[in-house]
Amino acid sequence: MAWFMGIDIGALYSKGVIVRDDELVAHHVIPSGASYREAAGKIRDELLSQAELSQGDISDVVATGTGSGNVYFASRKTSDIVCTARGIHMVFLSARTAVDVAAQSTKVVKVDERGLVANFVVSEKCAAGSGRFVDVMANVLRIPLKDFGQLSLKSTSPVTFSTGCAVFGESEAITRVAEGVTGEDIAAGVNKALADKISSLVKRVKLEEPCAICGGGALNIGLVKAVERELGLQLLVPPYPQVITALGAALTAGHIQ
Amino acid sequence: MAKNATGLDRAREIYQDRSRRARELKAEGRKIIGYPCAYVPVEIITALDLVPYRIYADIEEPVTEADRALPAAFCPVMRSCLDCALKGKDDFLDGVVATHSCDPQEKTARVWESHTGYPYFHFIDIPGTIRPEAVEYYEGQLSDFKKTLEIFAGRKLSQARLKEAVQLHNQQRSLVRALYELTKPEPPLISGTEILQVIKSLLSLPVAEGNALISQAIDEVKARRNGPGKKPARLLTWGATMDDADIMDIFEAGANVVMDESCGGIRPFRTDVKLTQDPLNGLSRYYLKDISCARTFREAALGETTKNYAADIESRFGYLKAIVRDWKVNGAILILVRFCDPFAFEVPSLRDYFDSFGLPSTYVEYDYTKGSLAPLRTRVEAFLETIIR
Amino acid sequence: MYFAGIDIGSTMTKAVLVDTGGRVVSAVKGPTGPEHRRLANEVMRMALDQATLRLEDIAYVVATGYGRLNVPFADRQITELTCHARGVFSQFSDVRTAIDIGGQDAKCMKIHEGRMVDFAMNDKCAAGTGRFLEVIAGTLGIRLEDMGGMSLKSAKKVQIASFCTIFAQQEVIARLSEGEKVEDILAGLHDALASRVAALARRLKVEPDVVLTGGVARNAGMVKAMKDNLGCELLVPEDPLLTGALGAALLARERATEAAARGETVAAKARRMEKATFFK
Amino acid sequence: MVTEQKKKTISRLKTMYSLRNKVDESYKKGLEAMKAGKPTVWGMLNAYFGDPVLKAMDVEVVYPENYGAALAASGVAQKYLDCADADGFPTHLCGYSRANLGYAARMMKELEGEIPPEAPMGGMPKPLFLMGSTIICDARYKWFQALGRYMDVPVWTFESPIPGVKERFMEGSYERMIELGVKNLKEFVAFCERLLGRKMDWGKLDETVDLMIEINRVWHDINEMRKARPCPVHSRDFWSAMPPALFLMGELKDTLQCYRNMYDEVKDRVNRRAGAVEEERYRLMFAELPPWHSLGFFDRLAERGWNFVIESYGYHPPRPVDLSGVKDPLERITRFSLEVFVGFYKSALEDNVSAASFAYPLMGYARDWKCDGALLHPLISCRSASTHLPYVASLLMERLKVPSLTVEGDIVDLRLFDPEAAMAKAEPFEETMEHYKRIRKQEGLDW
């Protein structure tokens, strides 16, 4: 009976989980803020108190993500792509493709029947291809991020976002707003534009079903629907999409045993 | 398409639904040959009773399919052309003729050829200079093109037929020049947008039909009272291609565009093909030397061993000075899509040249999306505010 | 008789009213937000209230800025470039070069005898605009207006390699976790932005007097960074944010006077703040 | 993070260093030539067209493309980029061209022809003329034309035919390419004679051409030996040793000897089954231009058993053809160079790939050198070395089941290449390469 901790320090959000016998005991997400090191500590403490454990009970801690180097209490770092594969494989054994829509980039990871990486592609470091695009637009439209997806579903005529960059996209949004287009139509347009990018990213590694979506983007229902429309399939959405990669990290910790 | 529509109305209709007529013709059993570049000798296509159809990009269509083969930092016009092809929007074409007119054209052509299954596909290599050996080589490329197209059409092409085609297309060229004569008066009798629509139609129709359309348009314009009206400035626009009325409208909101030196304007029509003994001579000279596209390397004198910048830009841009004089142009807008290298390298020198005779000019670029037009509007308005006294 | 200038920027909407003598009788700012036209009206109304005027008292209205086409009660739209140039000139009669760093773009204008004769503009990339600092402020969780002051505390600036705002964001966080001081990073960021705007300005040969305007001109750190990068003194208007609207109001006054000179009646006409109709 | 390794995990070829030194030497010679009042030429990569002619006429050539890399590495590029920017060159143009235009602007407008003091490697002297070429990208001739703005020096532009693949095999097509090349070269020789005021020593040209062909034959054979398992030569050695063969650097007899020495060393490694990395776990292809400034990156990959066995086809010598029967040296040059342009066309036709001029060669490499994966390095401001890479990736996957890893960089903004981000992808890419090893087996591919 062993507990394992996985910490995923992203550029904007830090996530962590504790698993025991492949069962999710605790999970937590906080903004990374200015210090990865602090974020890592905060996450650990919260996870331990959730699981009513002490550091001593944890057999191994594995870190991943942009700031993994700052997880001072981790025994080692591992690749976020590998972790996403392991994480999704645990939640959806049958999943062959995982789309991870994170704040800085979007990853498409193909997973083989053993949960190993079969292929992957990471979007260019371009906000328009990542969840960041939605943040930026929500900000322009003054819509709370959490309402963005729902709002976009109200749209009857989504605007066409023809530009390929969040910065251009922003000024395009402003132009459309200036033309009197409503918030929901733009929100829907944003999700459509991001979904276009994601689907063309998926096409680069040849989609295999079933396909799951995770990362912060998976919380945006409008985006999920849009991607489903683009790819013409049903996406599997895990219960806590943001912590899938952290989960994978904890699992690699486990499998080392 | 309204049967009774003629001249400018018909041009507008075709502009809005370009492939409609081509599809009708295909239904009647005609074969349609698409080409994405002004360097393809349409005379050869016409002479074999095939319909030449200029392939345009579509600024309204977000690029999704082309990503598989072309990166984002690539000529957005060719990206869009390929994207439309991959989406089957050109499915009515029986063949495509691509060229090495510039690097993006060449790269796109190869992908095009392998990702689409047109019954006919031919690639024309185009040399970079106008040296005699280059013209010879290019003529060889044209005769190869003629050969493969003859095989596709299943008939030999006689010089007589080719000469007729050259005459027909020369007639179209002189008609387009006649159309541009109508922008010389103040105010011009026809707007830049109307001309853009007419030319886009010409490049979507069999040459005879096109000639009929443009003749009607000319008569209508001469007869009508309600022209575009006098605007505070008379502009020359210069660039690789101008294919969208929304862009022209941005210019014409505050000025009259009296000349568009681009592939969507005067460029493919500015001079005639010389009728030579073997028509291929005249065609190769015309297409390599006379089309004023930046992709061709020109110098004051072939192999010159002394260099004089003033003479150099005079030899490259001199024809524009005549246009500026004859059309009383008082401002020039250099407009390019991003990543258009051959034209982009030209920009500072062309502006030097315009400065040399006091013509105000500005350079604007966009990424070939509707979204990038709003910033264009601001720049163009601001430019007009600087030249209008 | 009064004249109005309304400047609808990407983040702020500003309105200025001037009287026949060109004196400012009222000036207001409000956030823009998605519904330009509504806010245009609100800000206009606020401006009128401030001077206890009615819309009917306004002889001529010039709209400028991104939303300029959505001010149905405007008599004329003029680009922010020309309006900024005019607004700057009204405060600094010797200005030859004006630089405006806005939230959505950066502009440089050459001015001769009060007329804009040339300009350069960057609105392609946030990295060269005020937006750059806004985004980073968000990342660092500090207030935009505090940034400049903090950056001035820096002893050695940290070079920020990334050009793109998004990359820069990531880099900033990395630098922080490496233990760099916030003020040093801010100094680096201000320098990065300043060098981009300076490069834009250099496209049109910078000649004194040089005036820095637009929202970012309120940022002392940015003013210093621009001075360092351009290697010359900078003048800053009292309220740089209002420059565009002020220029618009003064242009409104000029247009009206010209019209009057042509014998047209520019009496205050009945206007309603009806819904905007959009161009296409 | 680890950037400098104490012990290098790539065993470099001893014979490489003498070749690498020839690069610096050739810049020095350019400067000496200038100091001695002798003419220098600025040249573009021209596929061996103009180089032998100038070599035979004792004219030193410097290459702004290579020099652009030096400008970037020494951190002065930005200054020149700003100059070009200020002169109104659109910012999306090729980074090397903008740096060079800015350099020319500074040298000619600010310093009246003096070499800028901050210029690395002694700088590039004002040239006698500019030798451009239409090969590979449009910048290679438009850039030199644009330089006319700063220097009144003549421009020569070489023709580089790239016909369609099936079109190339039409009757008379090849002969017409030769005619174009030979006539083009004749005119070029006349052009040089006019400029230099002296005649071509045809005997010397004859000899130079033979040396050029022999040097590149040996160099080609060296690279053929890299098909061995483990591969005896890492891409780093290729890049270090490539310039003298590609740009005809140094005294050619000596250069030839250097390559022969390298041949012997490599042959010896093959016999001893000695690889360039300690344990070759993965064989990789690299396309196209490497991150010159952070090559230590390859040592870190070598630690993981990544051996780079083939790369940058644009830098590779053409496949040898027997030209002993061709009398006219100009025709020998032409036939030799045409192998660069259309050398892959025949096999491309057989494999039914139309992109024979850019993507296909890399597919051939991956197959012949039996690569497990490809590392693709698109460069933000160099489209000619980048735009084909997505197509390469799809070809490798569809035809060969070879996966690709893409890592962005740039030629002038060196900060865009992020070795840490790249290393972070190494582990998942190893799983990917393992996966496709299995797939290739299933599909009956033999590696």
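1. Start with one residue pair in chain C: Thr97(C) has Lys110(C) of β7(C) standing opposite. Keep in mind while you look that this is a predicted model.

2. Over to chain A for a helix pair. Helix α6 (residues 183–204) of chain A meets helix α7 (residues 221–231) of chain A, with axes that come within 8 Å and cross at roughly 50°. The angle falls between the ranges for roughly parallel (under 35 degrees) and roughly perpendicular (65 to 115), so α6(A) and α7(A) count as oblique to each other. Their crossing is right-handed. On the α6(A) side, the contact includes Ala187(A), Ala188(A), Leu194(A), Ala195(A), Ile198(A) and Val202(A). Among the residues that α7(A) brings are Gly222(A), Leu223(A), Ala226(A) and Val227(A). By class, the contact of α6(A) with α7(A) has 10 nonpolar, three polar and three charged residues.

3. Chain D has a helix pair worth a look too. Here helix α15 (residues 360–368) of chain D packs with helix α16 (residues 389–400) of chain D at about 45°, the axes being 9 Å apart. That makes α15(D) and α16(D) oblique to each other as well, and α15(D) passes α16(D) in a right-handed crossing. The contact draws on Leu362(D), Met363(D), Ala366(D) and Arg367(D) of α15(D). From α16(D) come Val392(D), Leu395(D), Leu396(D), Arg399(D) and Leu400(D). Seven of the residues in the contact of α15(D) with α16(D) are nonpolar and two are charged, with no polar ones.

4. Now for the layout of chain B, which is divided into domain 1 (30–161) and domain 2 (186–387). Taken over C-alpha atoms, the centres of the two domains of chain B are 23 Å apart. Where they touch, domain 1 of chain B puts in 32 residues and domain 2 of chain B puts in 37. Several elements supply at least two residues each to the domain 1 side: α3 (42–47), β2 (51–54), α4 (76–86) and α6 (132–153) of chain B. Which of them gives the largest share of that side? It's α6(B), with six residues. Sorted by class, the domain 1 side has 20 nonpolar, seven polar and five charged residues.

5. Last, the contact between chains B and D, which takes 52 residues from chain B and 53 residues from chain D. On the chain B side, elements giving two or more residues include α5 (103–115), β4 (120–124), α12 (309–326), α14 (347–356) and β8 (361–366). The helix α6 of chain B is also one of them, and that helix touches domain 2 of chain B too. The biggest giver on this side is α5(B), with seven residues. The side of chain B that touches chain D splits into 20 nonpolar, 11 polar and 21 charged residues.

Methods:
Residues are numbered from 1 along each chain as its sequence is written. Chains are lettered from A and ligands numbered from 1 in the order in which they are written. This is a predicted model: local features need pLDDT of at least 70, side-chain atom pairs count only at pLDDT 80 or more; totals for chains, interfaces and linings use all residues. Axes are lines fitted to C-alpha atoms, for helices over the stretch in contact, and angles run from 0 to 180 degrees between N-to-C directions. Helices (H or I, at least four residues) and strands (E, at least two) are DSSP runs, numbered from the N terminus. Angles under 35 degrees count as roughly parallel, over 145 as roughly antiparallel, 65 to 115 as roughly perpendicular and the rest as oblique. A crossing is left-handed if the near helix is turned anticlockwise from the far one by less than a right angle, and right-handed if clockwise. Two residues are in contact if their C-beta atoms, placed from the backbone, lie within 7 Å. Ala, Val, Leu, Ile, Met, Phe, Trp, Tyr, Cys and Pro count as nonpolar, Asp, Glu, Lys and Arg as charged, and the others, Gly among them, as polar. Domain bounds come from an automatic or database domain assignment. Two strands pair if DSSP finds at least two bridges between them.
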